[in-house]
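This report describes the fold, packing and surface of one protein chain. The sequence and structure come first.

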Amino acid sequence: MLADLLRILLAFFLPPLAVATQVGVQASAFWLNLIFWLFSFGGLGLPVLAIMWPVAVIHALYIIITRK
């Protein structure tokens, strides 16, 4: 329970790390979230997609809540 609360808090700051602690680095959910997160910071050269940060957070929250 406390671990989930910490993951939820972490999801707002570093969504890929929160997903990695839930499902692991080799899961496709982690890589998808990492791509969302990189788009949000222009890490892939597309800073126009800054709207992707909420998508990364929502995806991380979904993974944390649904995968037990």
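The model is predicted: local features need pLDDT of at least 70, side-chain atom pairs count only at pLDDT 80 or more, and totals for chains, interfaces and linings use all residues. Residues are numbered from 1 along each chain as its sequence is written, and side-chain values use heavy atoms, with hydrogens and water left out.

**Overall fold**

The protein has four helices and zero strands, in the order α-α-α-α from the N terminus. Helices (H or I, at least four residues) and strands (E, at least two) are DSSP runs, numbered from the N terminus. Of the 68 residues in the protein, 40% are buried; buried means under 20% relative accessible area, exposed over 50%, and partly exposed in between (1.4 Å probe, protein chains only). Among contacts (heavy atoms within 4.5 Å) with a separation of 6 or more, 45% join residues 24 or more positions apart.

| Helix | Buried residues | Packs against |
|---|---|---|
| α2 (residues 15-23) | P15, P16, A18, V19, A20, Q22 | α1 (2-11), α3 (28-40), α4 (52-66) |
| α4 | M52, A56, V57, H59, A60, L61, I63, I64 | α1, α2, α3 |

Just after α2, G24 takes a positive phi of about 95 degrees. Helix α4 has 15 residues and reaches 21 Å from its first C-alpha to its last, close to the 21 Å expected at 1.5 Å a residue; the expected span is 1.5 Å times one less than the number of residues.

H59 lies in α4 and counts as buried because its relative accessibility is 14%. Leaving out residues up to four places away in sequence, H59 touches A29, L32, N33 and F36.

**Nonpolar core**

A nonpolar core is a set of buried Ala, Val, Leu, Ile, Met, Phe, Trp, Tyr and Cys residues joined through side-chain atoms within 4.5 Å. The largest one holds 17 residues, and A11, V19 and F30 touch the most other members. Two or more residues of this core come from each of α2, α3 and α4, with the largest share, seven residues, from α4. With residues up to four places away in sequence not counted, V19 touches G24, A29, F30, N33, A60 and I63.

**Salt bridge**

Side chains of opposite charge can pair when their charged atoms come close. A salt bridge here is a side-chain nitrogen of Lys or Arg within 4 Å of a carboxyl oxygen of Asp or Glu, and the count by this rule is one. R7 pairs with D4, with the closest N and O atoms 3.1 Å apart. Both residues lie in helix α1, three residues apart, about one turn of the helix. R7 and D4 are both buried.

**Surface patch**

L9, F12, F13, L14, L17, F41 and W53 make a nonpolar surface patch of about 720 Å². Patches are made of residues with over 30% relative accessible area and no salt bridge, with like charges joined within 9 Å and nonpolar side chains (Val, Leu, Ile, Met, Phe, Trp, Tyr) within 5 Å. L14 is found in the loop between α1 and α2, and its relative accessible area of 34% makes L14 partly exposed.

Notes:
Areas by Shrake-Rupley, 256 points an atom, 1.4 Å probe, with all protein chains shown as cover.
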